[in-house]
2 protein chains.
Amino acid sequence: MTKRKPLILVSNDDGITSRGIRALVETMHQIGEVVVVAPNSPQSGMGHAITIGNTLRLDSSIAFETEGIEAYECSGTPADCVKLAKHHVLKNRRPDLVVSGINHGSNSSISVLYSGTMSAAIEAAIEGLPAIGFSLCDYSLTADFSHCLEYVKQIALQVLTSGLPSHVALNVNIPSQTEGPIKGVKICRQAQAKYTENFEKRTDPHGRPYFWMNGEFVDLDKGEDTDMWALNNGYISIVPCGFDMTAYHTLPHLNQWEISTN
Amino acid sequence: MTKRKPLILVSNDDGITSRGIRALVETMHQIGEVVVVAPNSPQSGMGHAITIGNTLRLDSSIAFETEGIEAYECSGTPADCVKLAKHHVLKNRRPDLVVSGINHGSNSSISVLYSGTMSAAIEAAIEGLPAIGFSLCDYSLTADFSHCLEYVKQIALQVLTSGLPSHVALNVNIPSQTEGPIKGVKICRQAQAKYTENFEKRTDPHGRPYFWMNGEFVDLDKGEDTDMWALNNGYISIVPCGFDMTAYHTLPHLNQWEISTN
């Protein structure tokens, strides 16, 4: 009896030629049939952007040398890639798992909102597909992913085996290889944090001013159940993320308002 | 005794020359001191994108003819605009209210995730500022906003008077003028919905294929407490939106997992 291999869709936001997606594709190839639809250029910080006033390109890609990898590169955002994969590339082939990453840089805490990597995973969750975004806390383009690939595989296998609650995508962040051996995995909540922005003003050769954004991450959360705590203590953090933004606890308070134009 | 007028920061995602932001600026000018920092080009569907690998421009704008409006146009996304306003333009002047819109088109239900209008409001909420995103359920560039401006003013005054729970931004959606008189205001939760995408494939003059995304909104929610229900029944919907994406109800389930590499 042969069991069908699970179908795994892979995307990211650093672009199809990044080291992170290569590491993820090779790891997923060990446990499933892999189809890649990823941006043809870096899309970091794109949040949940989609392409609505413009056209999209989709081309076959030769980014992966491993045999048996079906790969496409797309001119759009990570969310576009998942939409195109679901509704055009795969059509009636329903993926068993959607993975995004491995991102070069952390997407923990508040960064989940700005993250293209997580928007691909959230987009998959909206489609009712089990989805995981993986990020390494190392922004280097030459980052070493070898210390975490066994964990990446085990987390993917866990989701393939157990499934995920519906409308939830996992935000998985992994300590950098330079932090020493990984201690294990923690299920966490998103730490409360923000960026304090510093805008550096410069003048271009034509005398016009321009700005570089230079944010500094500020962790405002002392809890030991957060993703920041896990990462700062050598653990991989897993935050289950939903996409219902309603702040339910505030509904009774707001319901006392009386707004009219009379 | 003179009381200082409230300081109101205005942004949007349709760009600083849109009719929607003009209607909003004129309405806010009646109740406060207005500073505008808005994109210099349309940014619809940009989600919570920010500009991190590129420079930003910020120029004084003459988009508003009303006297006493301080206005700047920015090359970045709506979230960039709020960050630049907070940390560069306003610096030590803390806004009493941040408003975004009025968007040409609905940002109800799942659209909140893709919305540049709401990302400006959410960015303000992250900064601890009371914030409201306004959207009109009419995509026309020549949409008529006159039927809703008194409501827009009353909602803004309510927030200026009562404040908002911390880390919450209001997602306000308004029925189109063509739907008849507005019946009132409902505090709602975000309806569960999704887009079913249809990608139309065309061929360019050079023989290469390209795609247009053409999403169809699918309301999956039968509740009468949702923003979709309110809008479909002639009411303005107000959803309080947070930015903690943690799906808390799934934590106990996921905590039963045992993931290790041994």
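Between chain A and chain B, the rule finds eight salt bridges across the interface. A salt bridge here is a side-chain nitrogen of Lys or Arg within 4 Å of a carboxyl oxygen of Asp or Glu. One of them joins the side chains of K83(B) and E197(A), at 2.6 Å from N to O.

Before going on, some ground rules. This is a predicted model, in which local features need pLDDT of at least 70 and side-chain atom pairs count only at pLDDT 80 or more, while totals for chains, interfaces and linings use all residues. Residues are numbered from 1 along each chain as its sequence is written, chains are lettered from A and ligands numbered from 1 in the order in which they are written, and side-chain values use heavy atoms, with hydrogens and water left out.

Back to the interface. The rule also finds 27 residue pairs in polar contact across it, both residues at pLDDT 80 or more. A polar contact is a pair of N or O atoms within 3.5 Å; within protein, one must be able to donate a hydrogen and the other to accept it, and residues adjacent in sequence count only if both atoms are side-chain atoms. On the side of chain A that touches chain B, helix α4 (residues 149-162) gives the most, with seven residues. Helices (H or I, at least four residues) and strands (E, at least two) are DSSP runs, numbered from the N terminus.

How many residues are in contact? 81 residues of chain A are in contact with 82 residues of chain B, where contact means heavy atoms within 4.5 Å. The area buried between the two chains is about 7,400 Å², and carbon and sulfur atoms give 66% of that. Buried area is the accessible area (1.4 Å probe) that two parts lose on being put together, summed over both. F211(A), M245(A) and W257(A) supply 10% of the area that chain A buries against chain B, more than any other three residues.

How are the chains arranged? Chain A can be laid on chain B by a turn of 180° and a shift of 0.0 Å along the axis, with an RMSD of 0.0 Å; the superposition is by least squares on the C-alpha atoms of residues with pLDDT of at least 70 in both. The two copies are thus related as by a two-fold rotation axis. Of the interface residues of chain A, 100% are also interface residues in chain B, so the copies meet through the same surface.

Next, the annotations. An unreviewed UniProt entry has a "binding site" covering D13(A), D14(A), S44(A) and N103(A). UniProt positions are given in the numbering used here, feature names are shortened, and annotations may be inferred rather than shown by experiment. These four are spread over 91 residues of sequence but cluster in space, with a largest C-alpha distance of 9.0 Å. D13(A) sits in the loop between β1 (7-11) and α1 (19-29) of chain A.

Now some local details. Within chain A, E70(A) forms a salt bridge with R93(A), the closest N and O atoms being 3.3 Å apart. E70(A) lies in strand β4 (residues 70-74) and R93(A) in the loop between α2 (78-89) and β5 (97-104) of chain A, so the pair ties together parts that are 23 residues apart in sequence.

Which residues does a cis peptide bond join in chain A? They are G101(A) and I102(A), with omega about -10°, and I102(A) is in strand β5. In chain B, a cis peptide bond joins G101(B) and I102(B), also with omega about -10°.
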